[in-house]
Amino acid sequence: MIIDKIEEFCLKILEKIGLKGLASWYRKHQEGMRYLVFGALSTIVNIAVYSIFSAILLKGLSNETLKVNISEIVAFIAAVLFAYITNKLYVFNSKTNGIKELAREIGSFLGCRIFTEIISILMMNAAVWLSINDILMKVISNIVVIILNFVFSKILIFKEKK
C-alpha cells in the first residue's frame with residue numbers, strides 16, 4: 001500500500017538523520033501512531049471545513065449559534081467519512097465478513113462519532129455563550145474528541161475478532 005511505503009520512507013529518513021530510536025519506537029507503537037497521524041489529518045479536515053463554512057460560506061449569517069451549528073455539522077460529516085476510511089484501512093486494518101458485519105462496524109463507528117460530536121457541539125455552543133474564540137474551542141474540542149474516539153475505536157468498533 002502507498003501509505004505503508006510513505007510511512008517506511010519517513011522512518012528511514014528518521015534513521016538516516018540519527019533518530020533510529022524514534023523510528024523503532026514508532027514501529028513498536030504503529031497502530032497508536034497511525035491513529036494519531038490520521039486523527040491529526042481528520043482534525044485538519046474538520047477544522048478546515050468548519051472554517052470554510054463559518055468564515056466564508058456562512059459569513060453573512062447573523063445568528064452566530066446557527067452559523068456555528070451548521071458549520072460544525074458539515075465539518076463533522078467530512079471528518080467522519082475521512083476517519084472511517086482511514087481507520088478501517090490503515091489504522092486498525094479491519095476486515096469484515098459480509099454486509100452484516102460491515103453494517104455493524106459502520107453503525108458502531110457512526111454511533112460513537114455522533115456521541116463525541118454531541119460533546120463537541122456542546123463545547124462549541126459553550127464557546128458562543130461564554131464569548132470564547134470559536135476556533136480555539138474547536139481545537140480544544142477536537143483534542144477531547146480524538147482521545148474518546150481512539151478509546152471507542154479500540155474497544156468497541158475495530159476490536160480484534162477472536
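This report describes helix packing and salt bridges in a predicted model.

Helix H1 covers residues 2-16, and its 15 residues should span 21 Å at 1.5 Å a residue; the end C-alpha atoms are 21 Å apart, which agrees. Gly18, with a positive phi near 90°, follows H1.

Within H1, Lys12 and Glu8 are 4 residues apart, about one turn of the helix. Their side chains form a salt bridge with an N to O distance of 3.7 Å. Both residues count as partly exposed, Lys12 because its relative accessibility is 45% and Glu8 because its relative accessibility is 29%.

## Link between H1 and H2

A salt bridge joins Arg27 to Glu15, with the closest N and O atoms 2.7 Å apart. Arg27 belongs to helix H2 (residues 20-28) and Glu15 to helix H1, so the pair ties together parts that are 12 residues apart in sequence. Glu8, Lys12, Glu15 and Arg27 are linked in a network of salt bridges. The structure holds 9 salt bridges.

## Packing of H3 and H6

Helices H3 (residues 30-57) and H6 (residues 134-157) pack at about 145°, and their axes are 10 Å apart. Their crossing is right-handed. Residues in the contact include Tyr35, Gly39 and Ile47 of H3 and Val139, Ile146 and Phe150 of H6. By class, the contact has 7 nonpolar, 9 polar and 4 charged residues.

Glu31 and Lys154 form a salt bridge whose closest N and O atoms are 2.5 Å apart. This pair links distant parts of the chain, as Glu31 in H3 and Lys154 in H6 are 123 residues apart. Glu31 is partly exposed at 26% relative accessible area, and Lys154 is partly exposed at 35% relative accessibility.

Notes:
Residues numbered from 1 in each chain as written. Predicted model: local features only at pLDDT ≥ 70, side-chain atom pairs only at ≥ 80, totals over all residues. Heavy atoms only, no water. Axes fitted to C-alpha atoms, helices over the stretch in contact; angles between N-to-C directions. Helix = DSSP H or I, 4+ residues; strand = E, 2+ residues; numbered from the N terminus. Left-handed = near helix turned anticlockwise from the far one by under 90°. Contact = heavy atoms within 4.5 Å. Nonpolar A, V, L, I, M, F, W, Y, C, P; charged D, E, K, R; others polar. Expected span 1.5 Å × (residues − 1). Salt bridge = Lys/Arg side-chain N within 4 Å of Asp/Glu carboxyl O. Buried < 20%, exposed > 50% of the residue type's maximum accessible area, 1.4 Å probe, protein only.
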